[in-house]
Amino acid sequence: RSDDNFEDLWMGRVDGAYRVTDRLQVGASIPWVWRSMNRSGGTVQGADQGLGDVMINVGYEALPEWSY
């Protein structure tokens, strides 16, 4: 394998959540991906960036705390 071969992958992500009610919460995770590569002899080289897989989540407290 030649030293000319490399691939770099960087990812940044923003996460957030919002409490809608006392028992319901919604959130999202939005990643941004940077990628660059070079293959031996310069046959394949380039860089790219873009939005990754976005994740949306919902949480609900079905059994609230009871006081004893």
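Colleague: How many bridges join E2 to strand E4, and which way do they run?
Modeller: Six bridges join E2 to E4, residues 55-60, and the two run antiparallel. Strands here are DSSP runs of at least two residues marked E, numbered from the N terminus. Two strands pair if DSSP finds at least two bridges between them. This is a predicted model, where local features need pLDDT of at least 70 and side-chain atom pairs count only at pLDDT 80 or more. Residues are numbered from 1 along each chain as its sequence is written.

Colleague: Which residue in E4 is the bridge partner of Ser29?
Modeller: Met55.

Colleague: And what about E2 and E3?
Modeller: E2 pairs with E3, residues 45-51, over seven bridges, again antiparallel. Trp32 sits opposite Leu51 of E3.

Colleague: How do E1 and E2 pair?
Modeller: They are antiparallel, with 14 bridges. A hairpin of four residues joins E1 to E2. Arg13 faces Pro31 in E2.

Colleague: New topic. Which residues form the nonpolar patch on the surface?
Modeller: Trp10, Val14, Ile30, Trp32, Trp34, Leu51, Val54 and Ile56, with about 890 Å² of accessible area together. Patch residues have over 30% relative accessible area and no salt bridge, and nonpolar side chains are joined within 5 Å. A salt bridge is a side-chain nitrogen of Lys or Arg within 4 Å of a carboxyl oxygen of Asp or Glu. Areas come from the Shrake-Rupley method with a 1.4 Å probe.

Colleague: Which element gives the largest share?
Modeller: E2, with three residues.

Colleague: Is Trp10 buried or exposed?
Modeller: Trp10 lies in E1. Trp10 counts as exposed because its relative accessibility is 61%. Exposed means over 50%, buried under 20%, partly exposed in between.

Key
Side-chain values use heavy atoms; hydrogens and water are left out. Patches are made of residues with over 30% relative accessible area and no salt bridge: like charges are joined within 9 Å, nonpolar side chains (Val, Leu, Ile, Met, Phe, Trp, Tyr) within 5 Å. Buried means under 20% relative accessible area, exposed over 50%, partly exposed in between (1.4 Å probe, protein chains only).
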